[in-house]
Amino acid sequence: MRSQRAGRRRAGSRLAQARRAGRPSRHGGLTAGLLVVAACAACTSSASPVAHPPGVAVVPVSATAAGPSSFYRPPVPLPPAPPGTLIRSEIVSGVGGIEPAATLWRILYHSSSVTGADIAVSGYVVVPAASPPVGGYPVMAWAHGTTGAAVKCAPSLVNGLEGEGPYLVPGINSYLKAGWLIAATDYQGLGVAAGIHPYLVGRSEGYGVLDAARAARQLPGLRVSPTTLIYGHSQGGQAALFAGELAPGYAPSLHVIGVVAAAPATGLSIIVDVFGQSSAPTILAYFALIGWTWSQVYPDLPASDLFTAKGVAFAQRNVTEHCDNGVVVALMRVRASSLFRPGASADPAFDARARLNDPGQVRTPAPMLVVQGTADNQVPVSLTDLYVSESACPVGDQIEYVHYPGAGHGQVTFEALPQILSWSAARLHGTAAPSTCGRGSDSITPSAAH
């Protein structure tokens, strides 16, 4: 096994290539002809839409075209309730990208901040057209990738602000047809103005993921099972890994049968070091998001330790007002070296917080599937290799690790879709999960994935 120091050097070298690389689109087209694997034999083949319960508000997607509506404003003060308690819900009509007979709910629910405070978090739930099995719909708890840190960057708005486009689960209709109910969190601070969005703070993200799954079970007129599969990509891959670690103690009412992470953000101490030395706006945007939001979350990490006075003003204005694409555009208009303090990425408190947010430090009881594209220029394959070989496997995780040769950061979610469908169906049926620990990774070529 490689030493951790040598592994970090190799991972850092690969990650450094991203300094000069442009950022590809987060979304991609699904190749025709993907094999859809039924996730539940007990699901019926009925295609009739779920009837809307009486008294439930139905709003058009255009209602949030300008940003969060009154739906996202929780009661003040927030009446105390256990995490995962549903506060309110509404059905949203006219959302593109999902099959017409499916139903999309917008939800507001109780969750926990990184300090354990009771907060409101928003998200969405998509209900399949088919009727549920006897025990209720199994839940796919989805954790999304980076959208930014501004309130208006919540995926549940599905409004396409700043070129983001509706950010649904990649390949969502395949999962709906397989019988999964999708429960998706926005994360703290996106949608609901509950303090800053703690970008890449694993515990906060994990709480939001698990509580969205619990809240989905309280929607009126639905039968929803506690059986839950956790799935996330990029930032959401980190969120999914943390949710899997936290689930037994934080959300014991959920029956977590597996965790899927696609190109997950791991090795954060390496990431922040390399990002902080970059000159590319597409990469520095991540560093600005991490640096500013962490300075607002952690008292021992003041913004003045990472940013110059000009940088503080820049971050306060742009990170809190724009989604990630907007932050990139803003960085293109300034001299980046004037925003960040020299050596900011090596700040000891910053490094300590980065290591705190590395997944894989405790065992995940549920089996895991990690998929990674080898042509990823945002989360290099070497970084995920390091997480699997030196964190997840040694801590005792049961993990299947799969490489997709030639797949990029966003592309891997589509290339791996058949694998995710079949792997999750096997977990639903109670089949023993495979493991690649001790033998590296499996490799699936794009042609084999279709």
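Which handedness does the disulfide of C153 and C323 have, given the torsion about its S-S bond? The torsion is about -110°, so this disulfide is left-handed. The model is a predicted one, in which local features need pLDDT of at least 70 and side-chain atom pairs count only at pLDDT 80 or more, while totals for chains, interfaces and linings use all residues. Residues are numbered from 1 along each chain as its sequence is written, and side-chain values use heavy atoms, with hydrogens and water left out.

## Disulfides

When a disulfide is taken as a pair of cysteine sulfur atoms within 2.5 Å, the count comes to two disulfides. With the bonded cysteines counted along the chain, their pattern is 1-2, 3-4.

| Disulfide | S to S distance | Torsion about S-S |
|---|---|---|
| C153 and C323 | 2.2 Å | about -110° |
| C393 and C437 | 2.0 Å | -85° |

C153 belongs to the loop between strand 5 and helix 2 (172–177), and C323 to the loop between helix 7 and helix 8, so this pair ties together parts that are 170 residues apart in sequence. Here helices (H or I, at least four residues) and strands (E, at least two) are DSSP runs, numbered from the N terminus. Buried means under 20% relative accessible area, exposed means over 50%, and partly exposed lies in between, with a 1.4 Å probe and protein chains only. By that scale C153 is buried at 4% relative accessibility, and C323 is buried too, with a relative accessible area of 1%.

The link of C393 and C437 is also left-handed, with -85° about its S-S bond. Because C393 lies in helix 10 (residues 381–395) and C437 in the loop between helix 12 and strand 11, this pair ties together parts that are 44 residues apart in sequence. C437 counts as partly exposed, at 27% relative accessibility.

## The sheet and the helices across it

Strands of a sheet pair through backbone hydrogen bonds, either parallel or antiparallel. In this model an open sheet of eleven strands has the order 1-2-3-4-6-5-7-8-9-10-11, with mixed pairing, where two strands pair if DSSP finds at least two bridges between them. Strand 1 and strand 11 (442–443) stand at the edges, each with a single partner strand, so one side of each is left without a neighbour in the sheet.

Strand 1 runs parallel to strand 2 and is joined to it by three bridges; V59 has V92 of strand 2 as its bridge partner. Strand 2 in turn pairs with strand 3 in the antiparallel sense over six bridges, and R88 has L108 of strand 3 as its bridge partner. Elsewhere in the sheet, strand 7 (residues 224–233) and strand 8 (residues 255–262) are paired in the parallel sense over seven bridges, with A261 of strand 8 as the bridge partner of G232.

The loop between strand 1 (58–60) and strand 2 (86–93) holds A63, which counts as partly exposed at 43% relative accessibility. The C-alpha atoms of A63 and N159 are separated by 9.1 Å, although these residues are 96 residues apart along the chain.

Helix 4 (residues 235–250) lies across strand 3 (103–112), strand 5 (137–143), strand 7, strand 8 and strand 9 (368–373), and it runs at about 145° to strand 7. Helix 12 (residues 417–428) lies across strand 5, strand 7, strand 8, strand 9 and strand 10 (399–404), and runs at about 165° to strand 8. These angles run from 0 to 180 degrees between N-to-C directions, with axes fitted to C-alpha atoms, for helices over the stretch in contact; contact means heavy atoms within 4.5 Å.

## Buried helices and cores

In helix 7 (residues 309–318), G311, F314, A315 and N318 are buried. Seen down the axis of helix 7, its buried residues fall within an arc of 95°, so they line one face of the helix; the arc is that of the directions from the helix axis to the C-beta atoms. These buried residues pack against helix 6 (281–297) and helix 8 (324–331).

Six of the eight residues of helix 8 are buried, so helix 8 is largely enclosed by the rest of the structure. Among those buried are D324, V327 and L331, and what covers the buried residues of helix 8 includes helix 6 and helix 7.

A nonpolar core is a set of buried Ala, Val, Leu, Ile, Met, Phe, Trp, Tyr and Cys residues joined through side-chain atoms within 4.5 Å. Of the 62 residues in the largest such core, V125, L181, L210 and I230 touch the most other members. Not counting residues up to four places away in sequence, V125 touches residues including W105, I107, L181 and L219. A second, separate core of 45 residues includes A149, I270, V274 and L383.
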